[in-house]
Structure formats: structure tokens, C-alpha cells
Amino acid sequence: MLTPQTHCGQCLSHPPAWHTLTAISAYLDPLPDLVHRFKYQGDFELALPFAKLLSEKIDTPAPVLLPVPLHWRRRLQRGFNQSAHLAWALQQRLGSQVVNHYLRRTRHTSPQQGLDRSARLKNLRGAFRLHGALPAEHVALVDDVVTTGETVSQLCRLLRRAGAQRVDIYCIARTKLP
């Protein structure tokens, strides 16, 4: 008798650094255009429908939401952190608290978009730090799109070393792994 699996073979043999990853869907139309508008054009009103759709998929919300940080130069250039806007919208739906300055990107890195997996790893090495005490044992990282998972994996490892018992990922979309 066949039994359905909740994890793929890759995840069973090499478990991810997080407990669960929740996404609205795969990175398929119309999400690429909508995410681009949200991320690069400051179309902030999209945070509310994204948060609604995402919150409907989250069974056990983390009490603390941690937006994936931008380096101060990129934030200055863009004018905002799209992950923080998504986290604030999710906070309203989940009853969680956003802790915006616990995670810090300490090194300016090249954009991850367009880099292969090994280049992403090298690009992110030593790019993040924690600031202060861990706000909760169960936290969720909030990001727009998870591609290879390297950014959130690095952050998960930092959070686990700081004492996090459970780290979830909440994102708008998840791309298909190569």
C-alpha cells in the first residue's frame, strides 16, 4: 500500500534547516509580475492580499515574524524592505509580532537573482548577524521568494545557534529547485 509523503526525497535525505516552508504557490504566473511590482515598484497594497492568501495556509503561526533583512545600502537604494511590509501585513492576520531589527545584514552582497547555487552560498557567507536576545523559541522568517533556499538556510542556522527550537519560513512563492 502506498502512503503519501509530506517531504520529497531530497528533503528526506538532506533535511532543510527550517521546520516548515509555507508559500502561496510556486513561482508561476501571475506571481512573477505581482512580486516584481511589490519588490521593485513599491506596490505595497499587494502585501494585504499576499498576507491573506499566505495566512490561510499557516496552521500554527509563529509568535514572532522576522523579515529577511536588506543591507542598509540596498534599503536606501530601494527605499523599503518588501519582506518587512509582508511581515507587517501577516502580523495583522496571524496575531504574531514583527521584530524588525533582530536580524542584520552586515555585508553588502550582490543580488542573489541570477546566481547559481554555489555562487549564492559564497555570496552570503558571513552576511548576517543577530542583534540582541532571541525574541522567541518559535520564529518565522518572512521573505518574498525562496529560490535555492540559501538565504533562509543561513538565517535558520544562525537562529538555531541562538536557541530557536522551531524556525518556519513564510514566503509569497517558492521556485522549483534545479
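The protein has seven helices and seven strands; helices are DSSP runs of H or I with at least four residues, strands runs of E with at least two, both numbered from the N terminus. From the N terminus, the order is α-β-α-α-β-α-α-β-β-α-β-β-α-β.

A note on the source. This is a predicted model, in which local features need pLDDT of at least 70 and side-chain atom pairs count only at pLDDT 80 or more, while totals for chains, interfaces and linings use all residues. Residues are numbered from 1 along each chain as its sequence is written, and side-chain values use heavy atoms, with hydrogens and water left out.

Now the interior. Of the 178 residues, 46% are buried, meaning under 20% relative accessible area with a 1.4 Å probe, protein chains only. A nonpolar core here is a set of buried Ala, Val, Leu, Ile, Met, Phe, Trp, Tyr and Cys residues joined through side-chain atoms within 4.5 Å.

The largest such core has 25 residues, and Leu66, Leu141 and Leu159 have the most contacts inside it. At least two residues of this core come from each of strand S2 (64-67), strand S6 (138-146), helix H7 (150-161) and strand S7 (166-174). H7 gives the largest share, five residues.

What does Leu159 touch, leaving aside its neighbours within four places in sequence? Its contacts include Leu66, Tyr102, Leu130, Leu141 and Val167, where contact means heavy atoms within 4.5 Å. Another core, of 24 residues, lies apart from the largest one; among its members are Ala51, Ala87, Ala140 and Tyr170.

Last, sequence separation. Among contacts between residues at least 6 apart in sequence, 78% join residues at least 24 apart.

Notes: Buried means under 20% relative accessible area, exposed over 50%, partly exposed in between (1.4 Å probe, protein chains only).
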